[in-house]
Amino acid sequence: MPLMDYVRALEGKDNRSRAQQVLAILGGLGIEPACQECRFPRISNIIVDLPPGPGVKRVLFSAHYDAVPGSPGANDNASGVAVLLGLCHEQRHGDTPVRVIFFDREEPWLRTPVLCLGLLGSLYYTWKSDLRDVAAIYNLEFCGLGDFLGVWPVRTGEVNLPALRGVERAAARLGLPLGAVHIPWFFFTSDHLPFRLRGLSNALTLSLLPAHQVPALGRLLTGLCICKLLAGRQSALPEPLSFIHTREDTSTRLNEGSLRLMQSLLLELLQR
């Protein structure tokens, strides 16, 4: 099944309907996920263990399925969900221990001109779960457009992280150019952060960008300044980041090739 079909299945729907679509697709693959529920605040994380069973150390892949109200949420983040559904399809009969989590409530529940607070689904998961069986965490954001792999956040002292080295080797085998960058949490973050707060440094987010936009993003990150951010003078994001959280985040901007590229990267990570 084309991965873009998964994107279109979630695109434009409210968050509860997006969760139902994920569950329906998993059911069609013969996979019975676990649902981690919280009544207040309302959270519904969807968890898949492949192969099922406790007591093994797993590589964890994640993507949030919720979207900002008013945005179709195609690249942010139906694209990441689509890649993980494709991974579930490929690995449903495999024997490599994998956990796939579709997080709820990543998008901000509090938004001000200088601060956004979200990540409720992943915060709840890391609070309620024993993380000693997690080997590494690879979180997906914005996987539907681009041919350059962005790995974040990676500080200067983290260049030898095993999770990063694994991505570098997998990307090299695919001939996929890669850049590892540090993005301060107050400027931009994702569901890797709660794992970092619990002490798991091997927690990274993977994104795809058009290679021609990478220099612009590099200049933006180099010029990051908390004072400019507080004053509202931060530079605009380059595409495709510029249309996230807007009505322009549609599947017409994305392509199957980028989704397949990210899926190939995840499969390479598992093979090694």
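P153 sits in the loop between β8 and α5. In this predicted model, the peptide bond that leads from W152 to P153 is cis. Its omega is near -5 degrees. N77 belongs to helix α3.

R105 has a phi near 60 degrees, a positive value in a residue other than glycine. R105 is located in the loop between β4 and β5, the latter spanning 110–111. H245 is not a glycine either, yet its phi is positive, at about 65 degrees. H245 is placed in the loop between α8 (226–230) and α9.

The overall fold comes next. The protein chain contains nine helices and ten strands. Its radius of gyration is 17 Å, close to the 19 Å that the globule rule gives for 272 residues, so the chain is as compact as a globular protein of that length. The C-alpha trace spans about 50 × 40 × 35 Å along its principal axes.

Eight strands build an open sheet. Their order is β1-β2-β4-β3-β7-β10-β8-β9, and the pairing is mixed. The edges are held by β1 (34–38) and β9 (178–180). Each of these two has a single partner strand, so one side of each is left without a neighbour in the sheet. From one strand to the next, the twist averages 20 degrees.

Strands of a sheet pair through backbone hydrogen bonds, either parallel or antiparallel. Strand β8 (residues 148–152) and strand β10 (residues 203–209) pair in the antiparallel sense. Five bridges make up this pairing. Within the pair, G150 stands opposite S207 of β10. Helix α4 (residues 120–128) packs on the sheet. It touches β1, β2 (43–50), β3 (58–64) and β4 (98–103). The direction of α4 makes about 60 degrees with that of β2.

Helix packing was examined next. Two packed helices are described by the angle between their axes and the distance between the axes. Helix α1 (residues 3–10) packs against α2 at an angle of about 145 degrees. The two axes are 9 Å apart. On the α1 side, Y6, A9 and L10 take part. They meet R18, Q21, V22 and I25 in α2. By class, this contact of α1 with α2 has five nonpolar, one polar and one charged residues.

Helix α2 (residues 15–28) also packs with helix α3 (residues 74–91). Their axes come within 11 Å and cross at roughly 15 degrees. The two helices are therefore roughly parallel to each other, angles under 35 degrees being counted that way. The crossing of α2 with α3 is right-handed. From α2, the contact draws on R18, V22, I25 and L26. From α3, it draws on D76, N77, A78, V81, L85 and C88. The residues of this contact of α2 with α3 divide into seven nonpolar, one polar and two charged.

α5 passes α9 in a right-handed crossing. On α5, the contact is made by G166, V167, A170, A171, R173 and L174. On α9, L261, S264, L265, E268 and L269 contribute. Seven nonpolar, two polar and two charged residues make up the contact of α5 with α9.

Notes. Residues numbered from 1 in each chain as written. Predicted model: local features only at pLDDT ≥ 70, side-chain atom pairs only at ≥ 80, totals over all residues. Heavy atoms only, no water. Left-handed = near helix turned anticlockwise from the far one by under 90°. Helix = DSSP H or I, 4+ residues; strand = E, 2+ residues; numbered from the N terminus. Contact = heavy atoms within 4.5 Å. Nonpolar A, V, L, I, M, F, W, Y, C, P; charged D, E, K, R; others polar. Pairing = 2+ DSSP bridges. Axes fitted to C-alpha atoms, helices over the stretch in contact; angles between N-to-C directions. Rg over C-alpha atoms; globule rule 2.2 N^0.38 Å. Parallel < 35°, antiparallel > 145°, perpendicular 65-115°, else oblique.
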